[in-house]
Amino acid sequence: MSRIGKKAVAIPSGVTAAIDGGQLSVKGPKGTLAMPLSDNIKYEVGDGSISVQPANATREARAFWGMQRTLVQNLITGVTEGFTKVLEITGVGYRANSQGKNLKLQLGYSHDVDFAVPEGIEIKTPDNTTIEISGIDKQQVGQVAAEIRRWRKPEPYKGKGIKYRGEYIFRKEGKKK
């Protein structure tokens, strides 16, 4: 029995949800998101909530149950509040600057890295060493953050690189004499 899956997802005021053609679409103040429905899960849009139940008693249906409920919750949260990831840059001469639909990164390479910002994502740089990525789709926000971080992952000796806010980098010891 899934503890997460048993709970219905509350639909706040100003948000509408509908099931058409094998897709659950949610519309809210920040935009519209859609998700394909799984055949193993039964979705019911009621008054003020969305209920997620396994369609049959198979092991696969029970395995997907909690995850599908969380995906529905992410749709609701995305169209009401949105999602944000914050990256921090550490290193001498490492900096970032957002210029319209591009993010210019200076990460110690012989050239600057120009990252094209995808549609539906907003990137802000409050200072040279902080990147704020925001959008309504949780998966897309996380993917963009991972692609930016991939240009210079934090290294364990000096801790230089791009890391998520709150991430701890395990530092290695230097040589002992």
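I take buried to mean under 20% relative accessible area, exposed over 50%, and partly exposed in between, with a 1.4 Å probe and protein chains only. I am working on a predicted model, where local features need pLDDT of at least 70, side-chain atom pairs count only at pLDDT 80 or more, and totals for chains, interfaces and linings use all residues. I number residues from 1 along each chain as its sequence is written, and side-chain values use heavy atoms, with hydrogens and water left out.

**Entry 1: helix H3**

Next I checked the length. H3 has twelve residues, 138-149, and at 1.5 Å a residue these should span 16 Å. The expected span is 1.5 Å times one less than the number of residues. I read 17 Å between the end C-alpha atoms of H3, which agrees.

**Entry 2: threonine 130**

I placed threonine 130 in strand E12. Its relative accessibility is 8%, so threonine 130 counts as buried. Not counting residues up to four places away in sequence, threonine 130 touches Val86, Leu87, Lys124, Thr125 and Arg165. I also took the separation from glutamate 60, 70 residues apart along the chain: 42 Å between C-alpha atoms.

**Entry 3: two domains**

I have domain 1 (9-81) and domain 2 (83-164), with bounds from an automatic or database domain assignment. Their centres, over C-alpha atoms, are separated by 31 Å. Eight residues of domain 1 contact four of domain 2.

How much area do domain 1 and domain 2 bury between them? I note about 450 Å², 71% of it on carbon and sulfur atoms. In domain 1, Leu33, Asn74 and Gly78 lose the most area to domain 2, together 66% of what that side buries. Buried area is the accessible area (1.4 Å probe) that two parts lose on being put together, summed over both.

**Entry 4: asparagine 74**

I found asparagine 74 in helix H2 (residues 59-80). Asparagine 74 is buried, at 19% relative accessible area. Leaving aside neighbours within four places in sequence, asparagine 74 contacts Phe83 and Lys138.

Conventions. Helices (H or I, at least four residues) and strands (E, at least two) are DSSP runs, numbered from the N terminus. Contact means heavy atoms within 4.5 Å.
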